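Please open the model in a viewer and keep the selection panel at hand. The stops below proceed from one selection to the next.

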There are 2 protein chains.
Amino acid sequence: MTSKPIDTRYFEPSEDQMINLLAQIKDWQINHGLLLKLIQSEEEHSVLSYPVGVSVFPTPFPRTLFNRAINLQKIYNELYCVIAEDEDWLYSVTEDLIAVEPLARALWGIYHETQKAGIVQEISAGIFRSDYMLHLNDGNGAESSGSIFETTLKQVEFNAFSCAGGGHANRVADMHRYLTRTGAYELGQEQYGKERIDIGSLPKSNNIEGIASCLATAHAIYGPPRTQSAQRMAVLFIVQPNNFNIADERPIEYALWDRDEPVPAYRLNWGDILRDTSLTESRQLLFHPPWIKSQSPVEISVVYMRAGYEAHEYDNIGYQARLQLEKSTAIKCPSILSHISTFKKVQQALTAHGTLERFLFPEKAAAVRGTFISLYPLDETAAGLHARQLATDPKGSTGFILKPSLEGGGHNVYGTEIPDFLSSVSQSEWSSYVLMERIMPPTQQNVLMGPAGVAEGKVVSELGIFSACLWRRRTDSNRRCEIIENSTAGWSFKTKYAEIDEMSVVKGYGCFDTPRLIED
Amino acid sequence: MTSKPIDTRYFEPSEDQMINLLAQIKDWQINHGLLLKLIQSEEEHSVLSYPVGVSVFPTPFPRTLFNRAINLQKIYNELYCVIAEDEDWLYSVTEDLIAVEPLARALWGIYHETQKAGIVQEISAGIFRSDYMLHLNDGNGAESSGSIFETTLKQVEFNAFSCAGGGHANRVADMHRYLTRTGAYELGQEQYGKERIDIGSLPKSNNIEGIASCLATAHAIYGPPRTQSAQRMAVLFIVQPNNFNIADERPIEYALWDRDEPVPAYRLNWGDILRDTSLTESRQLLFHPPWIKSQSPVEISVVYMRAGYEAHEYDNIGYQARLQLEKSTAIKCPSILSHISTFKKVQQALTAHGTLERFLFPEKAAAVRGTFISLYPLDETAAGLHARQLATDPKGSTGFILKPSLEGGGHNVYGTEIPDFLSSVSQSEWSSYVLMERIMPPTQQNVLMGPAGVAEGKVVSELGIFSACLWRRRTDSNRRCEIIENSTAGWSFKTKYAEIDEMSVVKGYGCFDTPRLIED
């Protein structure tokens, strides 16, 4: 990387320009479904919605690192497809969690019951998202004004379950391109600004079509109905009830129905799985749409999970429901093992010396390792004891984040709050956390606009790369996993004020954004 | 027309089917901008929106009459293009209004001032909408259960100014087609219903692209900038401030920007015209975007009016503003004369014996006349005196509607309320009204869903046909009007409960709908 600095304060909008921009943005969001439902406003006949948080300007990002993230994705896909079929290794790195983490217990329980019954579907689908931040090499962190060209790409996490944000990200990219095309930025720049936003610097995102295409391919691979009584087939979206973030899931359904050869797609609430589906003797998954019980059932080709990632969902009914899906011949997106592969504990295990080489050829392993930041277990191994020392020390903990060993974001504890938090938790449960070095991104200047208001400030961004994979479990060779499809679907880019730790747009902490790709 | 009856109660949805339908509809609306802004909810950083009223099922409509309305549109276009250049005739039929109607006074005043200055743009653009209802030949009206095949097509009104509803209509047609394709109707029908909704019975609407295409053609015809200082050109949308029905205008702008050869489109509030535009010496209309005053101005090729149709808008500033637009070289959509051509008084004058033949060849005149319902002036002519007798008689007035002589819907007085209303108005003002026979549509059964709730009931519908026209004023021949483009853009279809008189979706009285075309 060169160290050529770029001026992050590339705009200074006038008041009139801001008025125009904010009006344009709100109207564009209403017209393109870049919205969230207002919680508790839904009635039978109506519902209120409001614009999801977005950045007013696209935030600079180095083009070389954007391209690197895109190119890395196929290697990451390969890694996580292979991991998802290496049940022995997965079990060895996550078995300690079974005693302390109900979700780990539930998922392994479901997997083992399914295995006992015999696995009847060898194909799995994966819609993944790998998240990165820029990391300043000098480690001076968020307070530093280091250039984005003095950074490398570091992985925050890898998601293989219910990857959200694809729909919004797709649309926000369209919006920033629209604003650029209409001159909403440009007109002010001769007078006020220092740089011009070039339309060629704003990449398109193709998440909606990319994700739908993956599900459609899985649907086609499943083949014709195997159940005589089923006259039709469909992809089944398993969703959380009363989801206010509807505009992130629905576009994928619409894209499936809109294809030249339409792929039927239905939604089913997590809590209604046992009521509205059944297994045939040969374990085809049948969906009985509640709105017409007497009709012939729908045979499900693909189960796309957008629910079932929180421990509390696995009461007895939730457990039986996921078991019913997993035991079926439907292609699961994702399978239980693929779900387990995204535990933080697995991410941490992959950083151990030599582990990546178990799954990837050396060059690929090196490329992946280049995106790793230090990750420690908090168990009683040597590495774990070292991490415990760091985590319980008010000074040592500064540069770290404590994360639950499971999937997904949230529930993190940051820096100096870690020692107090750990002292409030029984030491026997410490092993259900990992300790991750904080990624130290350079800050940029931007204006963020969301439910909480509109304000200019220092911001940091997170780039997510979406991918679409299909693979086959093999038991007849040394290679346990045959990859059928491995492609990049699109990307998401989220930006938040630098002083806020958590990056969740739907909780109001972050905004959808578009990377403005800068040449170094 | 044959008299084969059809069963209007073609569905009987189960409760589960309705739950599914209502959830699908709300989510589709959020994702596709079929929304209205919640009044007074807009803040700098956010705004609430809610679904615009829609019908849950598409309402039956005879295919032959739908096609007839489409085919009639080119003749209506011709009629209204020619009328808009026949200033003598227009003046003769509307001059009585000048004394009693401020809007008529303002528009004629602006026209005469423009004429005095010299008319510098011979081309006009028109985005028209002709509205129809089905009319039962036996005249037994809304209480009758007559079949839709015992009807003819009757015109409610012809609009040439700020024709609304095109965007929503376009999208609701897409929505009903989506619901049909996904089986949301079909699945219930084997058990509960009597007929199947066939996707081929639901026409597509193409309003957004059709209207944008008309403005783009006008933009191209205007040619290159005539002002040296103007480096760019654009279509200017004149809009009402704080319009909550944003999703009906914005899609046209987006379509203009999205064209292969993008057509710049900007919005300007009615009240800001004099501040943000200027006329050059040779009367080019220059727009000075307020967000960057120092930039070179934008020369306006086409002025598209979505404001300026209410008398109160023509205070001194409003008058001067419209005059500035009208005097300019920009192509007006519509011109002042075209605006005046849609006064109800003109519609009434066209029904007089022999008048249509002034503008159209006899067959075309006959086709148009077939859609006329009786319309009387309320002046002191013989026809007017007859109408006064009807209107002041509680019995005689039953089958009539009293309408202001001006443009647009609203402010109507219905049936038995007419005598009392007239007695509250000074007799000298009676001539500013026309008396129209009530169209008596057959009722259908449907479920309507909107801000007020969701309920099944008897409904009636109104079909609007959108068109896109361009014409040139000729002073060099007997033909005063040379038509350059005459095309049908699309349609809108609005449905309301039969017992409600007014049809305004944005006021919450009606719903956007799709005609389900039925063969007779």
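**A salt bridge between two domains**

Begin by selecting A:Asp379 and A:Lys345, whose side chains meet in a salt bridge with an N to O distance of 3.8 Å. The coordinates belong to a predicted model. Across the interface of domain 1 and domain 2 of chain A, the rule finds one salt bridge. Between these two domains of chain A there are also three residue pairs in polar contact, with both residues at pLDDT 80 or more.

Next, colour chain A by domain. Domain 1 of chain A comprises residues 15-373 + 439-518, and domain 2 of chain A comprises 377-438. The C-alpha centres of the two domains of chain A are 26 Å apart. The contact draws 25 residues from domain 1 of chain A and 19 residues from domain 2 of chain A.

How much area is buried between domain 1 of chain A and domain 2 of chain A? The value is about 1900 Å², with 57% contributed by carbon and sulfur atoms. Select A:Lys344, A:Ile373 and A:Asp501: these three supply 29% of the area that domain 1 of chain A buries against domain 2 of chain A, more than any other three residues.

Now display the secondary structure of chain A on the domain 1 side. The elements that give two or more residues to the side touching domain 2 of chain A are helix H3 (87-100), helix H4 (102-117), strand E6 (151-159) and helix H12 (344-350) of chain A. By class, this side of domain 1 of chain A has 12 nonpolar, seven polar and six charged residues.

**The pair of chains**

Show chain A and chain B together. A rotation of 180 degrees, with 0.0 Å of shift along its axis, superposes chain B on chain A with an RMSD of 0.0 Å. That is the relation of a two-fold axis. The same surface serves both copies, as 100% of the contact residues of chain B recur in chain A.

Select the residues in contact across the two chains: chain B gives 59 residues and chain A gives 59 residues. The size of an interface is often given as the accessible area lost when the parts come together. Here chain B and chain A bury about 5100 Å² between them, 54% of it on carbon and sulfur atoms.

Which elements give two or more residues to the side of chain B that touches chain A? They are helix H1 (15-32), strand E1 (35-37), strand E2 (49-51), helix H5 (166-181), helix H6 (186-189), helix H8 (250-257), strand E17 (444-450) and strand E18 (453-473) of chain B. H1(B) gives the most, with 12 residues. By class, the side of chain B that touches chain A has 27 nonpolar, 18 polar and 14 charged residues.

**Charged pairs across the chains**

Side chains of opposite charge can pair when their charged atoms come close. The structure holds 48 salt bridges over all chains, and the rule finds eight salt bridges across the interface of chain B and chain A. Select B:Asp27 and A:Lys37, whose side chains meet in a salt bridge (2.8 Å, N to O). B:Asp27 lies in helix H1 of chain B and A:Lys37 in strand E1 of chain A, so the pair joins two chains.

Then select A:Lys26 and B:Glu42, whose side chains meet in a salt bridge at 3.0 Å, N to O. Across the interface of chain B and chain A there are 19 residue pairs in polar contact, with both residues at pLDDT 80 or more.

**Backbone details**

Finally, turn to the backbone. The peptide bond from A:Cys333 to A:Pro334 is cis, with omega near 5 degrees. A:Pro334 is placed in the loop between strand E12 (331-333) and helix H11 (336-340) of chain A. In chain B, the peptide bond from B:Cys333 to B:Pro334 is cis, with omega near 0 degrees. B:Pro334 lies in the loop between strand E12 (331-333) and helix H11 (336-340) of chain B.

Phi of A:Gln40 is near 70 degrees, a positive value in a residue other than glycine.

Technical notes. Residues numbered from 1 in each chain as written. Chains lettered and ligands numbered in written order. Heavy atoms only, no water. Least-squares fit on C-alpha atoms with pLDDT ≥ 70 in both. Contact = heavy atoms within 4.5 Å. Buried area = accessible area lost by both parts, 1.4 Å probe. Salt bridge = Lys/Arg side-chain N within 4 Å of Asp/Glu carboxyl O. Polar contact = N/O pair within 3.5 Å; in protein donor to acceptor, adjacent residues only side chain to side chain. Helix = DSSP H or I, 4+ residues; strand = E, 2+ residues; numbered from the N terminus. Nonpolar A, V, L, I, M, F, W, Y, C, P; charged D, E, K, R; others polar. Domains from an automatic or database assignment.
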